Amino acid sequence: MNCQVDIDEASGFCAGVIKAISTAEKYLSENGPLYSLGAIVHNDEELSRLADLGLRSVDALSSLPAEVKTVLIRAHGEPPATYQEAQHRQLQVIDCTCPVVIRLQKLIRERFLYLQAHEGCLIIFGKKGHAEVLGLQGQTDGSALIVENLEQLQAELEAGRINVDKAVEIFSQTTKNPVEYRSVCDYLSAQMKKGVLKVHDTICRQVSSRHKSLSDFAISHDIIIFASGKSSSNGKVLYDLCKKHNVRSFAIEAASQLEKEWFREGDKVGVCGATSTPKWLLEQIKDAILTM
């Protein structure tokens, strides 16, 4: 096809995922098969590559084969109960929790204890059931309110589960949309009465900085091919951003999903992806477009 294809330089694994995958690869090369608690990355193509090296995943520690004595904790992190169970089972833990997530977990725990003593409320803006959010909620003994969007925040306020006459503190999952987080915080601030709202800026800098650069990337190309795993929370946020700025944005998981009908002769094509999308996959997609 006669077109120009550019790969977004900022796309690809974030630092936390790079650390987790490189740690797993090193262990696999030196020791053989390894189990991770949950998928190490939300990308089926990369998971398939790692599976060929011997990486397996389980949804719970109780699902580990009896002979397995080592488990990897991925970048998303885990609640305290997971570490307690691992200790009880005498498992060796390879902890690959992202440093950004570790700092957030510690901060949430600290503020939860303060708010608990002052009858305050702690809110986490994030995807319910997401691995990172479960780990963060675990720092509050499961008591933090989780809101995914403005509508859910409004529902919590209407139900009286947020006392606007007491202290309220809000945190965000590290991979959420910073614009959406700001709108949620602004709305909450306007509802406060005698209580004081404290907003914590907890979106990963690597993620938040991508929003401006990816917007520019989407605008500067005729068509956008966005590669991401279907279960990637970050992928959904970034794809929606591309679609907002370029209506000819298409989401795929692998090069095999490309459709020739999407393209026009002379198109300037932009290939990009989530923080869970490997660079090798973006290169593979570029090659596939050029040979269509």
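**Exercise 1.** Find the residues that Arg 111 is in contact with (heavy atoms within 4.5 Å), leaving aside its neighbours within four places in sequence.

**Solution.** The model is predicted, so local features need pLDDT of at least 70, side-chain atom pairs count only at pLDDT 80 or more, and totals for chains, interfaces and linings use all residues. Residues are numbered from 1 along each chain as its sequence is written, and side-chain values use heavy atoms, without hydrogens and water.
Step 1: list the partners, which are Leu 122, Glu 169, Phe 171 and His 200.

**Exercise 2.** State whether Arg 111 is buried or exposed.

**Solution.** The relative accessible area of Arg 111 is 15%, so Arg 111 is buried (under 20%; exposed is over 50%, partly exposed in between, with a 1.4 Å probe and protein chains only).

**Exercise 3.** Describe the largest nonpolar core (buried Ala, Val, Leu, Ile, Met, Phe, Trp, Tyr and Cys joined through side-chain atoms within 4.5 Å).

**Solution.** Step 1: this core has 20 residues, and those touching the most other members are Ile 123, Leu 153, Ile 162, Val 168, Ile 170 and Leu 188.
Step 1: two or more residues come from each of β6 (121–125), β7 (145–147), α6 (150–158), β8 (168–172) and α7 (178–191).
Step 2: the most come from α7, with 4 residues.
Step 3: another core lies apart, with 17 residues, including Cys 3, Ile 225, Ala 227 and Ile 289.

**Exercise 4.** Which residues are in contact with Ile 123, leaving aside its neighbours within four places in sequence?

**Solution.** Step 1: list Leu 145, Val 147, Ile 162, Val 168, Glu 169, Ile 170, Phe 171 and Leu 188.
Step 1: look back at Arg 111, whose contacts include Glu 169 and Phe 171; Ile 123 also has Glu 169 and Phe 171 among its contacts.
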